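Reader: I am new to this structure and would like a close look at a single part. Please take me to the place where the two chains meet.

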Amino acid sequence: MTTDWTPAALSRDIPAASAAPGQLGETDLAIWRSASGRIAAWSDRCPHRGMRLSHGFVRGERLSCIYHGWGYGEGGQCVRIPAHPELTPPEAIKVPVFAAAEASGVVWVADGTPAGAPPEFPGFEGFRSLRIHAPATVLARAFGGAGHVIEGTLGPCAVVALIQPLPGNVSALHLLAPEGAGPATLDALSLAAEALRRTAEAQAEQAEEETA
Amino acid sequence: MIFYDYILSPSCYRVRLFAAVIGRRLDLRAVDFHPGQEHRSDAMLALNPAGTLPVLKDDGIVLTESTAILTYLAAHDAPAWLGDDTPVMRARVAQWLAFAQRLTDSAGAARAHDMLLAPGDIDALRAEATTALRELEAALSAARRRGESFLAGNRPTIADIACFPHVALAPDGGLPLDPYPSIRLWMRALRGLEGFIEMPGIHRLHELLPEPGPMPDVIRKERA
């Protein structure tokens, strides 16, 4: 399965009026949700002094930088500079914006205009995101699959594994679990995911030693 | 209560933060830890032979371990922060207080290495800290599945206060927190506590404060 979209986070991990760091290829993102629930993915860099906007704060429908409080609204446009409250900020002060959409409890991001909506996985919902110090190929192999979207079994249940390659031979694993799975199943799934991470990291380390 | 303090010490901040949250006034004495090494002066060693900070002095008692100081302050002023008197919650609080020491020895030591030129094998310290942070993330994601926001249950205890500073400051030791969504939400809950105070590198939740001053369109409308 291929898609223009990259899975970058789970919806449940970014509640209303909060921001989180994310990644799209080499680009650092600030993924944030407004008070009314809209998700957005912006460049993680305040145009003013370069501070990470993912450290910022959300009031209403705006994301503000933690450093000097510059506030950005729809389309990444700067709408407020607290030190100059009477100034309407020039249009040129704008944060680069990326496409962001949610499906099956996953926040998907893309550069430009992706073809179609992000994929849905009926019957599954976001469970956990884990950072894994292994390349995406090694992680997929540890899973017994290939590619970046793997539908299979992990520990006690069926899962959808979304593998996000990150810079520096690192991956993110965004794991989807069956909707309505009970607490004991999910606890066991969490342990299985940790075990999978240990396996993938050991394999990546071994591969590195062999090539060294 | 006299509190011997160093502003950049996460262990001292544990106590300052907790005292602020429960409304306990401390008589602060600043100790020049770096670069002055005042914690190793004769006067300080007489108080605490281990030569560490913080130190709390109260009627007839001198405490030199920050988790013991948290326990003392909670028992003195705010016993709810010790957790419920049930076997599970009491044990969980004890478990995470001990875990806080693992954070001090790993993430805290990595930060001391990078910021204060302390000795140590930085790669080994970061690997230990990563193990601890992953354990914390897994526990907090399990807590969220149970509908709980804190380490020992559905309300904060001294265990959360003890673990918070070294986690929040881990990036100072080359340990980014980006990979840990449940840790981020837990820190958000703690940063939003009534009475929360900051230390250099740890900020409050600005979204809880009122907007400073009106928006430009409001000003224009008022003038029109």
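How many residue pairs in polar contact does the rule find across the interface of chain B and chain A?

Author: Keep in mind that this is a predicted model. Across the interface of chain B and chain A, the rule finds 8 residue pairs in polar contact, with both residues at pLDDT 80 or more. It also finds 4 salt bridges across the interface of chain B and chain A. In one salt bridge, the side chain of Asp178(B) meets that of Arg52(A). The N to O distance there is 2.7 Å.

Now look at the extent of the interface. Chain B brings 27 residues into contact with 33 residues of chain A. The size of an interface is often given as the accessible area lost when the parts come together. Here, chain B and chain A bury about 2600 Å² between them. Carbon and sulfur atoms hold 44% of that area. Three residues of chain B lose the most area to chain A: Arg134(B), Arg145(B) and Asp178(B). Together they make up 25% of what the chain B side buries.

Next, the elements. On the side of chain B that touches chain A, helix 5 (122-145), helix 7 (181-191) and helix 8 (216-223) of chain B each give two or more residues. Helix 5 of chain B supplies the largest share, 7 residues. By class, this side of chain B has 12 nonpolar, 4 polar and 11 charged residues.

Leu117(B) sits in the loop between helix 4 (87-116) and helix 5 of chain B. Leu117(B) is not a glycine, yet its phi is positive, about 60°. Chain B also has cis peptide bonds. One joins His34(B) and Pro35(B), with omega about 5°. Pro35(B) lies in the loop between strand 2 (27-30) and helix 2 (42-47) of chain B. Another cis bond runs from Leu53(B) to Pro54(B), with omega near 5°. Pro54(B) is in the loop between helix 2 and strand 3 (55-58) of chain B.

Now turn to the partner, chain A. Chain A is divided into domain 1 (6-110) and domain 2 (124-211). Their C-alpha centres lie 28 Å apart. The contact between them takes 14 residues from domain 1 of chain A and 13 residues from domain 2 of chain A. The two domains bury about 950 Å² between them, 63% of it on carbon and sulfur atoms. The count of salt bridges between these domains is 0. The count of residue pairs in polar contact is 3, both residues at pLDDT 80 or more.

On the side of domain 1 that touches domain 2 of chain A, strand 1 (6-10) and strand 10 (106-110) each supply at least two residues. Strand 1 of chain A gives the largest share, 5 residues. That side of domain 1 has 6 nonpolar, 5 polar and 3 charged residues.

An unreviewed UniProt entry lists residues 5-109 of chain A as "domain: Rieske". Over residues 5-109, chain A is 0% helix and 44% strand. The end C-alpha atoms of that stretch are 6 Å apart.

Asn169(A) has a positive phi, near 55°, in a residue other than glycine. Asn169(A) is in the loop between strand 13 (157-166) and strand 14 (170-178) of chain A.

Conventions: Residues are numbered from 1 along each chain as its sequence is written. Chains are lettered from A and ligands numbered from 1 in the order in which they are written. This is a predicted model: local features need pLDDT of at least 70, side-chain atom pairs count only at pLDDT 80 or more; totals for chains, interfaces and linings use all residues. Side-chain values use heavy atoms; hydrogens and water are left out. Domain bounds come from an automatic or database domain assignment. Contact means heavy atoms within 4.5 Å. Buried area is the accessible area (1.4 Å probe) that two parts lose on being put together, summed over both. A polar contact is a pair of N or O atoms within 3.5 Å; within protein, one must be able to donate a hydrogen and the other to accept it, and residues adjacent in sequence count only if both atoms are side-chain atoms. Helices (H or I, at least four residues) and strands (E, at least two) are DSSP runs, numbered from the N terminus. Ala, Val, Leu, Ile, Met, Phe, Trp, Tyr, Cys and Pro count as nonpolar, Asp, Glu, Lys and Arg as charged, and the others, Gly among them, as polar. UniProt positions are given in the numbering used here, feature names are shortened, and annotations may be inferred rather than shown by experiment.
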